[in-house]
Amino acid sequence: MLSVSKINFERYFAPVFHPVSFTLEAGGLLLVTGTNGCGKTTLIRVLAGILHPTSGEFRSRTDSMAYVGHYLGIKDDLSVIENLRFMRDFLGTSNRGSGEVIKEVGLTRVSEQLARTLSAGQRKRCALARLLLSNTQLWLLDEPYSNLDQEGVELVDRMLHKHLEAGGACVLATHGAHRPDWQQTENYQLISGAAA
Amino acid sequence: MRTAFFALLRRDLLLAFRRRTELLFPVIFLLVVISLFPLGIGPGPQLLARIAPGVIWIAALLATVISLDGLFRSDFEDGTLEQFVLSGHPLTLIALAKILAHWLVAGLPLVLLSPLLAIWMNLPLDSLGVMILTLALGTPILSLIGSIGVGLTISLKRGGQRLSLLVFPLYVPILIIATAAVMAASDGLPYTAFLGLLVAGLITSLTLAPFAAAAALKISLS
């Protein structure tokens, strides 16, 4: 599903992280860990195709990807349900209703509220709903647990399990203590480019 | 893809409606600038009539440049733009949908207000039709060409200043042709050649600008 060889990204001619190589199959979870500033976000963005690697190659990459990162990609001036309806219509790959997805992410009570009035955790849940509406094979998640309460963390793990069991794959970057529990997990410790 | 195009268009129009006070500003700016001319240079009817085409068009240009920065900024800053890149839909069509929404919200009001502006500036009534036509043809060109500049400057802080420097030279030909058309109409001279040039400009920018804007956005994202 995703196979990369010696991917490297430079900013101002300095490598952000040490070259990365891995292969991710269906049902696999790649857990990218590392210290703050080691380049986890940059790596995820390179994998997503937003940034282009300075060197190295993608031996294979599925076209069907979904990405949830620091910039949540939700509109502050739209309500939760409007955001989700737009995601659903725009991506056009889901046959799930937006109401059903709102219920799954636990935002029914605030579904008519504008996104700017939500808490950070609620906004995160709204962004995560995109994963349920996108019907894609590969998930690229950058700190999916941040801002979430215990229930939210369990929600992410539930969504992840369902996705992986159905044959999807996921690259998950986190620096936090919580790790998802999955049998086909590969741990990848990202090393900052500045480290010797 | 068509559903995605219209979903995006609807979303942008809805967002514009939600932020309508912010969007009224360019229109108000236009009205204020134009109303200053009779006050500043004296209400002599012949003088106003002579400069009316230029003044209205320059004010339309300025109002457009003010509103341009909002074209991609919000999506760039909250991560929606990178989601568009990831979605698999061609960024060109996404850019086109957003430019169309921008014109409907920022350009079309200028066209609709032009009769009022024409009266204020004492524009001869026989050239009013041509004035409206030049604005209807020209304002989409302004949005289209402007979007390329916005795409390039969106990642810069205070990119708006550099944006104006970028797009004004590109706007000059449109300004010259449009005002020439209206002045020719006022003088009873043939003007269809100028309108033809505007149509050609519209078709060219409609086909090429979205590609350029999409490429500019991809650069800005990386």
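This is a predicted model: local features need pLDDT of at least 70, side-chain atom pairs count only at pLDDT 80 or more; totals for chains, interfaces and linings use all residues.
**Entry 1. Leu23(B)**

Leu23(B) has 18 other C-beta atoms within 10 Å, so I put it down as partly exposed; buried would need 20 or more. I placed Leu23(B) in helix H2 of chain B, which spans residues 20-41. Leaving aside residues up to four places away in sequence, I found that Leu23(B) touches Ala16(B) and Val105(B). I also checked Trp103(B), which lies 80 residues from Leu23(B) along the chain. The C-alpha atoms of that pair are separated by 12 Å.

**Entry 2. H3 and H6 of chain B**

Next I took helix H3 (residues 45-68) and helix H6 (residues 91-120) of chain B. Their axes are 11 Å apart and the helices pack at an angle of about 155°. An angle over 145 degrees counts as roughly antiparallel, so that is how I recorded H3(B) relative to H6(B). The crossing of H3(B) past H6(B) is right-handed.

Which residues of H3(B) meet H6(B)? I listed Ala52(B), Ile56(B), Ala60(B), Ala63(B), Thr64(B) and Ser67(B) from H3(B). From H6(B) the list is Ala106(B), Gly107(B), Leu110(B), Ser114(B), Leu117(B) and Ala118(B). By class, the contact of H3(B) with H6(B) holds eight nonpolar residues, four polar and no charged.

**Entry 3. H6 and H9 of chain B**

I then followed H6(B) to helix H9 of chain B, residues 192-221. The axes of H6(B) and H9(B) come within 8 Å and cross at roughly 110°.

On the H6(B) side I noted Leu91(B), Thr92(B), Ala95(B), Leu96(B) and Ile99(B). They meet Pro210(B), Phe211(B), Ala213(B), Ala214(B), Leu217(B) and Lys218(B) in H9(B). I counted the contact of H6(B) with H9(B) as nine nonpolar, one polar and one charged.

**Entry 4. Where chain B touches chain A**

I looked up the contact between the chains and found 20 residues of chain B against 22 residues of chain A. On the chain B side, the elements giving two or more residues are helix H1 (2-18) and helix H5 (80-86). H1(B) supplies the largest share, eight residues. I divided the chain B side into eight nonpolar, seven polar and five charged residues.

**Entry 5. The parallel sheet of chain A**

In chain A I traced an open sheet of five strands in the order E7-E8-E9-E5-E10, with parallel pairing. Strand E7 (65-68) and strand E10 (185-189) are the edges, each pairing on one side only. I read an average twist of 15° from one strand to the next.

I then went through the pairs around E8(A). Strand E8 (residues 138-142) and strand E9 (residues 169-173) of chain A pair in the parallel sense over five bridges. Two pairings I noted there are Asp142(A) with Ala173(A) in E9(A), and Leu140(A) opposite Val171(A) in E9(A). E7(A) and E8(A) also run parallel, joined by four bridges. Val68(A) stands opposite Leu141(A) in E8(A).

Is E8(A) mostly covered or mostly open? I found it mostly covered, with five of its five residues buried. Leu138(A), Leu140(A) and Asp142(A) point one way, and Trp139(A) and Leu141(A) point the other way. In a regular strand the side chains alternate between the two faces of the sheet.

**Entry 6. H1 of chain A**

Helix H1 of chain A, residues 40-48, is mostly covered, and I noted eight of its nine residues as buried. Among them are Lys40(A), Arg45(A), Ile44(A) and Leu47(A). H1(A) packs on the five-strand sheet, touching strand E5 (29-33), E7, E8 and E9 of chain A. The direction of H1(A) makes about 155° with that of E8(A). Just after H1(A), I found Gly49(A) with a positive phi of about 90°.

**Entry 7. The antiparallel sheet of chain A**

Last, I looked up an open sheet of three strands in chain A, in the order E4-E1-E6, with antiparallel pairing. The edge strands are E4 (20-24) and E6 (55-61), and each pairs on one side only. The twist here averages 5° from one strand to the next. Strand E1 (residues 2-8) is joined to E4(A) by four bridges, the two running antiparallel. I noted Ile7(A) with Val20(A) in E4(A) as its bridge partner.

Technical notes: Residues are numbered from 1 along each chain as its sequence is written. Chains are lettered from A and ligands numbered from 1 in the order in which they are written. Two residues are in contact if their C-beta atoms, placed from the backbone, lie within 7 Å. Ala, Val, Leu, Ile, Met, Phe, Trp, Tyr, Cys and Pro count as nonpolar, Asp, Glu, Lys and Arg as charged, and the others, Gly among them, as polar. A residue is buried if 20 or more other C-beta atoms lie within 10 Å of its own, exposed if 12 or fewer, and partly exposed in between; C-beta atoms are placed from the backbone. Axes are lines fitted to C-alpha atoms, for helices over the stretch in contact, and angles run from 0 to 180 degrees between N-to-C directions. Angles under 35 degrees count as roughly parallel, over 145 as roughly antiparallel, 65 to 115 as roughly perpendicular and the rest as oblique. A crossing is left-handed if the near helix is turned anticlockwise from the far one by less than a right angle, and right-handed if clockwise. Two strands pair if DSSP finds at least two bridges between them.
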